[in-house]
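Dear colleague,

Please find below the sequence and structure that I am handing over to you.

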Amino acid sequence: MPEQLGKIEKLEAERFKQGKKLYLVPLVYSVEEAPDEYKEKCSRYWQQVAEHLNNLASKIGRVNRVYHESIFQSNEDGMKAMKRLNPSGYQIAKTQCDNGAIFETVEGEELFGEFMDWQRCLMLGFISDKVASKISEFYVEAAKKRNEFMAKKISETLKDDEAGLLFIREEHSVQFPSDIKVFSIFPPALDEIHRWYRDQARLRTEKLAEESKGKTEGEAEEVKKKTRKRTKKAPKG
């Protein structure tokens, strides 16, 4: 299980200086059209990541290798791809590479393409349960192969007593080799972002419920009006 960064203060840092280490950074993205509130949280998140990473590296080892999921280029090409994909994380990676770290590829282009294609298929939805089941199987198998490939690449490129920095989705399912000690960087701003998403989901749900209620009440009133009209037109017995 990954070590939480906050607990490192309670441990003897000397114990972790030996052997392979991997610093895990959950990916957080923002877009130009995102609300300012969310952009501020993202900016604070990446600032805290940089601070926590520097603190961790100073205690148990500087970063020697940089990895980023979804990128299958290495060295300068990999850095250029990261700059386009993740500008905020790129600044952190660049600092590490300027200090001697090497950007390593962690993806296989063919496997990544297969994984993404099956994922897109799943998002389309299906009429047939049989087809849905088949596509799900293909997706799970592609995801398994991709995860195994990523773990193998990190194991092969990360040398003894080195530390790697991996940018990856928080919900990833990669199983890292047992000889690699994993440290997850979860700064406070990440919880703020999670709360923001939960709040937005709650507000959307409440809005939909309110709109549905208004629509139902409107339909009920319309039925009443039609009923009154029919009643007025009915012949008196």
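This is a predicted model: local features need pLDDT of at least 70, side-chain atom pairs count only at pLDDT 80 or more; totals for chains, interfaces and linings use all residues.

The largest nonpolar core holds 35 residues, and the members that touch the most others are Tyr23, Val25, Val28, Tyr45, Trp46, Leu165 and Phe167. At least two residues of this core come from each of strand 2 (20-26), helix 1 (36-60), helix 2 (75-85), helix 3 (87-98), strand 5 (163-168) and helix 6 (188-233). Helix 1 provides the largest share, with nine residues.

Apart from neighbours within four places in sequence, Leu165 is in contact with Leu22, Tyr23, Val25, Leu53, Val63, Arg65, Val66, Tyr67, Ile92 and Gln96. There is also a second, separate core of 14 residues, with Leu24, Ala151, Leu158 and Ile168 among them.

Turning to the helix pair, the axes of helix 2 and helix 3 come within 7 Å of each other and cross at roughly 150°. As angles over 145 degrees count as roughly antiparallel, helix 2 and helix 3 are therefore roughly antiparallel to each other. The crossing of helix 2 past helix 3 is left-handed.

On the helix 2 side, the contact is made by Met79, Met82, Lys83, Arg84 and Leu85, and helix 3 contributes Pro87, Gly89, Tyr90, Ala93, Lys94 and Cys97.

With kind regards

Technical notes: Residues are numbered from 1 along each chain as its sequence is written. Side-chain values use heavy atoms; hydrogens and water are left out. A nonpolar core is a set of buried Ala, Val, Leu, Ile, Met, Phe, Trp, Tyr and Cys residues joined through side-chain atoms within 4.5 Å. Buried means under 20% relative accessible area, exposed over 50%, partly exposed in between (1.4 Å probe, protein chains only). Helices (H or I, at least four residues) and strands (E, at least two) are DSSP runs, numbered from the N terminus. Contact means heavy atoms within 4.5 Å. Axes are lines fitted to C-alpha atoms, for helices over the stretch in contact, and angles run from 0 to 180 degrees between N-to-C directions. Angles under 35 degrees count as roughly parallel, over 145 as roughly antiparallel, 65 to 115 as roughly perpendicular and the rest as oblique. A crossing is left-handed if the near helix is turned anticlockwise from the far one by less than a right angle, and right-handed if clockwise.
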